[in-house]
Amino acid sequence: MRIRRILAAVIATAALAGLGLTGAATATAASLTPGECEQGGGTVNWATNTCRGGTFDGQMVD
């Protein structure tokens, strides 16, 4: 019986960790504003609508 409880706790912890990673991946997939790009140390390349340099290098800009 003790093993079942431990196994259930491990599965629950893994499920919650998976949800956290999914949420983080979804949050980073959104495009940036020009201000966010510049605050991250980059510049907006309007020809390709991407952020060049800095933290958000290569991400799309609205």
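**A walk through the chain**

Guide: Let's start with Gln-59. Gln-59 is partly exposed, with a relative accessible area of 26%. Bear in mind that this is a predicted model.

Visitor: Where does Gln-59 sit?

Guide: Gln-59 is in the segment after S2.

Visitor: How far apart in space are Gln-59 and Asn-49?

Guide: Their C-alpha atoms are 8.5 Å apart, and the two are ten residues apart in sequence.

Visitor: Which residues does Asn-49 contact, leaving aside neighbours within four places in sequence?

Guide: Asn-49 is in contact with Gln-59, Met-60 and Val-61, once those neighbours are left aside.

Visitor: And where is Asn-49?

Guide: Asn-49 sits in the loop between strand S1, residues 43-45, and S2. Asn-49 counts as partly exposed, at 32% relative accessibility.

Visitor: What about the phi of Asn-49?

Guide: Asn-49 has a positive phi of about 55 degrees, although it is not a glycine. For background, most residues other than glycine have a negative phi.

Visitor: How far is Asn-49 from Pro-34?

Guide: They are 9.5 Å apart in space, C-alpha to C-alpha. In sequence, 15 residues separate Asn-49 and Pro-34.

Visitor: You mentioned Met-60. Is Met-60 buried, exposed or partly exposed, and which number tells you?

Guide: Met-60 is partly exposed, because its relative accessible area is 46%. Met-60 also lies in the segment after S2.

Visitor: What does Met-60 touch, not counting residues up to four places away?

Guide: Met-60 touches Ser-31, Leu-32, Thr-48, Asn-49 and Thr-50, with that rule applied. As for Asn-45, its C-alpha is 9.6 Å from that of Met-60, and the two are 15 residues apart along the chain.

Visitor: OK, Thr-50 then. Which strand is Thr-50 in?

Guide: Thr-50 is in strand S2, which covers residues 50-52.

Visitor: Buried or exposed? What makes you say so for Thr-50?

Guide: Thr-50 is buried, because its relative accessible area is 7%. The cut-off for buried is under 20%.

Visitor: What touches Thr-50, not counting residues up to four places away in sequence?

Guide: Thr-50 touches Thr-43, Val-44, Asn-45, Gly-58, Gln-59, Met-60 and Val-61 on that count.

Visitor: And which side chain makes a polar contact with the side chain of Thr-50?

Guide: The side chain of Arg-52 does, at 3.4 Å.

Visitor: How accessible are Arg-52 and Asp-57?

Guide: Arg-52 is partly exposed, with a relative accessible area of 40%. Asp-57 is partly exposed as well, at 47% relative accessibility.

Visitor: New topic. How many disulfides are there?

Guide: One disulfide. Cys-37 and Cys-51 form it, with their sulfur atoms 2.0 Å apart.

Visitor: Remind me, what is a disulfide?

Guide: A disulfide is a covalent bond between the sulfur atoms of two cysteines.

Visitor: Which parts does the pair of Cys-37 and Cys-51 tie together?

Guide: Cys-37 lies in helix H2, residues 34-39, and Cys-51 lies in strand S2, so the pair ties together parts that are 14 residues apart in sequence. The link of Cys-37 and Cys-51 is right-handed, with 85 degrees about the S-S bond.

Visitor: Are Cys-37 and Cys-51 buried or exposed?

Guide: Cys-37 and Cys-51 are buried. The two also belong to the largest nonpolar core, which has five residues. Leu-32, Val-44 and Val-61 complete that core.

Visitor: What is Cys-51 in contact with, neighbours within four places aside?

Guide: Several residues, including Leu-32, Cys-37, Gly-42, Phe-56 and Val-61.

Visitor: Let's zoom out. How many helices and strands are there?

Guide: Two helices and two strands. Along the sequence, the pattern is α-α-β-β.

Visitor: How much of the chain is buried?

Guide: Buried residues make up 13% of the 62 residues.

Terms used
Residues are numbered from 1 along each chain as its sequence is written. This is a predicted model: local features need pLDDT of at least 70, side-chain atom pairs count only at pLDDT 80 or more; totals for chains, interfaces and linings use all residues. Side-chain values use heavy atoms; hydrogens and water are left out. Helices (H or I, at least four residues) and strands (E, at least two) are DSSP runs, numbered from the N terminus. Buried means under 20% relative accessible area, exposed over 50%, partly exposed in between (1.4 Å probe, protein chains only). A polar contact is a pair of N or O atoms within 3.5 Å; within protein, one must be able to donate a hydrogen and the other to accept it, and residues adjacent in sequence count only if both atoms are side-chain atoms. Contact means heavy atoms within 4.5 Å. A nonpolar core is a set of buried Ala, Val, Leu, Ile, Met, Phe, Trp, Tyr and Cys residues joined through side-chain atoms within 4.5 Å. A disulfide is a pair of cysteine sulfur atoms within 2.5 Å.
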